[in-house]
Amino acid sequence: SVFHGKTAKYMTLGCKLNFSETATFARTLYNMGVGEANAGEAADICLINTCSVTEMADHKCRQQIHKMVRENPGAVVVVTGCYAQLKSEEIAQIPGVSLVLGSNEKAHLVEYLLQAMQAREADPIAFATSCEGHPAFHHAEKTKDIHSFQLSCSRGNRTRYFLKVQDGCNYFCTYCTIPYARGFSRNPSIATLVEQVKQAAAEGGKEIVLTGVNIGDFGATTHESFLDLVKALDGVEEIKRFRISSLEPDLMSDDLIEYCSRSRAFMPHFHIPLQSGSDAVLKLMHRRYDSALFAHKIELIKKYMPDAFIGVDVMVGTRGETPEYFEETYEFLKRLDVTHLHVFPYSERPGTAALRIPYVVSDKDKKLRSKRLIELSDEKTQAFYSRYIGQEAEVLFEKSTRGRAMHGFTRNYVRVELPAAKSSDDLDNQLVMVRLGGFNHDKTALMCEILDR
């Protein structure tokens with residue numbers, strides 16, 4: 001095989017879904033004889049899985065592509081992901097790029113890579129020359145033609161598995177390019193996903209995170225429901241913990257919240273995109289809920305699961321967000337019983353409907369608003385963590401770099417730190433009872449001591 005004995009490097013930018021897909025590519029190539037290149041060594045294959053959620057994300061992608069090309073002369077350089085779908089021609093102009101694969105094409109990555117590897121083996125000089133300007137390059141299909149679904153349940157070099165349950169989005173919020181990058185909502189069957197979860201369990205997996213673009217929309221292509229999926233996965237008893245990554249509030253049914261509260265393995269941990277606490281701004285964004293519905297979902301989660309960790313996405317400085325509207329968001333979030341805010345500034349994306357909204361927020365104001373919300377988030381997270389100091393909790397520990405502290409998470413996603421002196425490889429992927437202590441030095445975790453095993 002042209003792959004046998006070759007080495008590869010992988011770079012993932014963006015979301016957990018991208019990470020899951022990259023880990024699956026790596027495992028597929030590993031099974032075909034491709035090892036991971038050592039640090040400092042040039043690889044034969046470089047894969048960059050890109051993000052395009054903001055202009056900064058695009059910039060980071062370009063930087064990483066140039067870096068990979070520079071550090072791996074003569075390698076087959078493959079660029080895929082959202083940036084590759086939206087800006088394929090732009091990437092194709094970067095010298096040294098061999099393949100640009102959009103959302104449909106990445107499902108056939110191995111076939112495209114095989115062609116490129118064979119061309120490289122047959123005539124390395126001609127191959128290198130062909131990559132200097134316009135590669136052996138495959139156009140990304142138009143959004144309406146993106147139908148493929150690439151199965152993915154991988155952990156890469158991590159402890160937890162990431163299961164891709166859904167791809168694409170039908171929502172077309174005014175600020176977002178993701179539907180153009182990943183196509184319309186689609187998913188595999190529940191039976192297929194259950195088989196993947198059983199395989200992860202056979203490999204020793206104990207925790208799985210459900211990922212996707214709009215996972216609450218699960219069932220669009222199979223006429224099943226997300227609640228049906230949750231119930232089916234809960235029945236795979238070898239997996240001790242499931243977490244739901246990001247779930248739109250309008251797709252988070254009251255029945256789902258109630259079921260999770262009494263389920264065997266779904267953790268009291270939710271991540272819910274809000275984007276704005278101002279109803280006027282939510283309308284401008286074309287979001288499908290208002291602040292009252294969002295508040296209801298939070299109250300219901302806390303009623304059934306008082307200890308639940310709730311993370312919330314908030315966008316600041318979107319077009320139309322006047323100072324008064326931002327204050328509405330700030331006050332709404334201040335009142336809300338949530339744990340952590342994932343704050344990010346609005347970024348202009350070409351071709352989006354938001355560009356037609358006249359009111360523009362300055363970069364200076366975006367930074368000031370972000371700072372205020374991050375400070376509010378820190379207050380909320382630290383107050384939440386403080387409630388558990390002195391308590392006992394079950395933690396799933398994750399592999400650490402030798403000589404470094406180990407980290408893990410409680411059922412309700414409190415990050416826990418075990419000092420390097422007490423860390424050991426045999427704790428990786430183990431569920432262990434600990435006593436939670438005070439904060440670590442940067443207040444990102446609670447220190448712990450292991451109770452007798």
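Modeller: Five strands make an open sheet with parallel pairing, in the order E2-E1-E3-E4-E5. This is a predicted model, in which local features need pLDDT of at least 70, side-chain atom pairs count only at pLDDT 80 or more, and totals for chains, interfaces and linings use all residues. Residues are numbered from 1 along each chain as its sequence is written, and side-chain values use heavy atoms, with hydrogens and water left out.

Colleague: What makes a run of residues a strand or a helix?

Modeller: Both are DSSP runs, numbered from the N terminus: a strand (E) has at least two residues, a helix (H or I) at least four. Strand E3 covers residues 45-50 and strand E4 covers residues 76-81.

Colleague: Why are E3 and E4 called paired?

Modeller: Two strands pair if DSSP finds at least two bridges between them. E3 and E4 run parallel and are joined by six bridges, so they meet the rule. Within E4, Val78 stands opposite Leu47.

Colleague: Why do E2 and E5 stand at the edges?

Modeller: E2 and strand E5 (99-101) each have a single partner strand, so one side of each is left without a neighbour in the sheet.

Colleague: Which helix packs on this sheet, and what counts as touching?

Modeller: Helix H5 (residues 109-122) touches E3, E4 and E5. Contact means heavy atoms within 4.5 Å. The direction of H5 makes about 160° with that of E4. Such angles run from 0 to 180 degrees between N-to-C directions, and axes are lines fitted to C-alpha atoms, for helices over the stretch in contact.

Colleague: What is the order of the strands in the barrel?

Modeller: Five strands close into it, as E13-E14-E15-E17-E16. On average, neighbouring strands there are turned by 50° against each other, direction ignored.

Colleague: What makes the pairing of this barrel mixed?

Modeller: Strands of a sheet pair either parallel or antiparallel. Here, strand E14 (residues 406-410) and strand E15 (residues 415-418) run antiparallel, over four bridges. E15 and strand E17 (residues 446-450) pair in the parallel sense, over two bridges. Strand E16 (residues 431-439) and E17 run antiparallel, again over four bridges. The barrel is mixed.

Colleague: How many residues lie between E16 and E17 in their hairpin?

Modeller: Six, and in the turn Lys443 has a positive phi of about 60°.

Colleague: What makes the crossing of H8 and H9 right-handed?

Modeller: Helix H8 (residues 190-202) and helix H9 (residues 226-234) pack at about 30°, with axes 10 Å apart. H8 passes H9 in a right-handed crossing. The contact uses Ile190, Leu193, Val194 and Val197 of H8, and Asp228, Leu229, Ala232 and Leu233 of H9.

Colleague: What classes do these contact residues fall into?

Modeller: Seven are nonpolar, none is polar and one is charged. Ala, Val, Leu, Ile, Met, Phe, Trp, Tyr, Cys and Pro count as nonpolar, Asp, Glu, Lys and Arg as charged, and the others, Gly among them, as polar.

Colleague: What makes a space a cavity or a pocket?

Modeller: On a 1 Å grid over the protein atoms alone, a cavity is a set of points where a 1.4 Å probe fits but cannot get out; a pocket is an open set with protein on both sides within 12 Å along at least five of seven lines. Lining residues have an atom within 4 Å of a point. Grid points are joined across faces, edges and corners, and a volume is the space filled by probe spheres set on the points.

Colleague: Which residues are closest to the centre of the second largest pocket?

Modeller: Tyr10, Thr22, Ala26, Glu36 and Asn157, out of 31 lining residues. This pocket has a volume of about 910 Å³. H1 gives the most to the lining, with seven residues.

Key: Left-handed = near helix turned anticlockwise from the far one by under 90°.
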